[in-house]
Amino acid sequence: MKSRKIQGAKRENRLRKSPLLLKLKKLKKKPQAPPPDSSSSSSSSSSSSSCIVVVGICEMEGEEGSQQPHLALAHRLFLLKHPSVPDIEKVRLKDEVLASIKSDDMASLYETLAAESLLEMDRGLLDSMRARIEEELKKLDEKITDAEENLGESEVREAHLAKSLYFIRIGDQEKALEQLKVTESKTVAVGQKMDLVFYTLQLGFFYMDFDLISKSIDKAKNLFEEGGDWERKNRLKVYEGLYCLSTRNFKQAASLFLDSISTFTTYELFPYDTFVFYTVLTSIISLDRVSLKQKVVDAPEILTVIGKVPHLSEFMNSLYDCQYKSFFAAFAGLTEQIRLDRYLHPHFRYYMREVRTVVYSQFLESYKSVTIEAMAKAFGVTVDFIDAFIAR
């Protein structure tokens with residue numbers, strides 16, 4: 001417990017000294033640049049596709065912590081199966097996926113991908129991975145036996161936890177969940193029980209098992225009634241926000257993300273710039289204009305990193321400034337990032353429709369009547385495009 005308190009104090013000190021917080025005062029005084037015109041937005045769209053594949057994988061430069069390797073692997077697998085990803089990019093993705101599988105001895109996943117013809121089956125490789133797994137499990141069982149016979153309760157718990165983490169590492173979901181339950185039975189502290197829930201949630205997001213995620217979030221909330229620190233509570237908000245995003249509850253996702261934006265430490269899920277990407281996207285279709293200005297457009301935490309996500313700044317600012325041609329140019333640049341995002345992809349069409357509804361509604365608020373031709377000119381699109389959307 002003493003070690004955990006020391007780590008907590010160090011983390012708090014790092015947050016106080018973080019560049020994000022040190023820039024707050026400077027950003028408040030800095031005037032907001034006007035959104036670029038549509039031509040500049042369009043010119044940068046050609047470079048966005050090369051950045052798309054790594055959205056949600058790369059660690060943001062200079063930030064504390066890094067993404068959980070299996071969640072990065074899950075995103076690569078999603079891109080490997082996506083029809084819109086170029087074949088030349090899939091060659092690189094296959095190499096990265098295979099390297100991750102070899103590194104962590106993920107024999108079960110390797111068999112599955114080989115059966116789906118995504119990877120070539122190498123029996124020698126599969127047998128070697130299975131042999132290493134068997135050897136490592138034997139060592140872990142010996143450590144558990146030794147701890148139970150010769151050491152204390154804390155050491156017994158750590159030995160069981162090590163076995164749980166090993167099952168997670170090799171991608172054996174069923175055995176990992178069983179071993180996490182055994183570890184929980186050896187755990188007393190609420191904080192340590194919460195950490196086990198976070199491991200379970202990471203498993204849930206790897207397999208996109210929404211039933212497991214939902215139950216784990218409810219379990220975490222019940223644990224917090226017994227106690228728990230603020231850091232873990234804030235981390236849970238991001239996990240729940242990602243769950244809401246993945247299940248099309250964008251309004252709740254926006255609320256949870258905005259609550260966590262100044263206390264974000266959940267780097268195991270995604271880097272901070274990806275978190276800001278999700279926060280802006282969900283807020284635009286969930287908040288009214290005044291709230292959007294206060295919580296998003298002028299938020300120092302968002303302004304610090306929004307420029308790292310192509311088109312996102314223009315997308316947000318042009319909507320608020322009613323520069324609709326620039327908005328649609330930026331929106332076009334963002335569509336591939338949304339389409340190739342593992343969590344947003346299933347809701348791509350829904351999100352596109354909701355964004356257009358928001359922007360058309362904002363435009364129409366200024367008029368008692370307006371022609372479709374005038375709308376088309378304002379948005380820089382064709383009359384047929386506007387007419388088709390309104391008809392739906």
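Helix α20 (residues 348–364) packs against helix α21 (residues 372–379) at an angle of about 115°, the axes being 12 Å apart; axes are lines fitted to C-alpha atoms over the stretch in contact, with angles from 0 to 180 degrees between N-to-C directions. Helices are DSSP runs (H or I, at least four residues) numbered from the N terminus. The crossing of α20 and α21 is right-handed, that is, the near helix is turned clockwise from the far one by less than a right angle. V359, Y360, F363 and L364 of α20 meet M375, A378 and F379 of α21, contact denoting heavy atoms within 4.5 Å. This contact comprises seven nonpolar, no polar and no charged residues (Ala, Val, Leu, Ile, Met, Phe, Trp, Tyr, Cys and Pro count as nonpolar, Asp, Glu, Lys and Arg as charged, the others, Gly among them, as polar).

The model is predicted, with pLDDT of at least 70 required for local features and 80 or more for side-chain atom pairs, whereas totals for chains, interfaces and linings use all residues. Residues are numbered from 1 along each chain as its sequence is written, and side-chain values use heavy atoms, leaving out hydrogens and water.

Helices α11 (residues 190–207) and α13 (residues 230–246) pack at an angle of about 20°, with axes 11 Å apart. Helix α11 is therefore roughly parallel to α13 (angles under 35 degrees). Their crossing is left-handed, the near helix being turned anticlockwise. Contributors include M194, D195 and F198 of α11 and R232, R235 and Y239 of α13. By class, the α11–α13 contact has eight nonpolar, three polar and three charged residues.

Key:
Helices (H or I, at least four residues) and strands (E, at least two) are DSSP runs, numbered from the N terminus. Angles under 35 degrees count as roughly parallel, over 145 as roughly antiparallel, 65 to 115 as roughly perpendicular and the rest as oblique.
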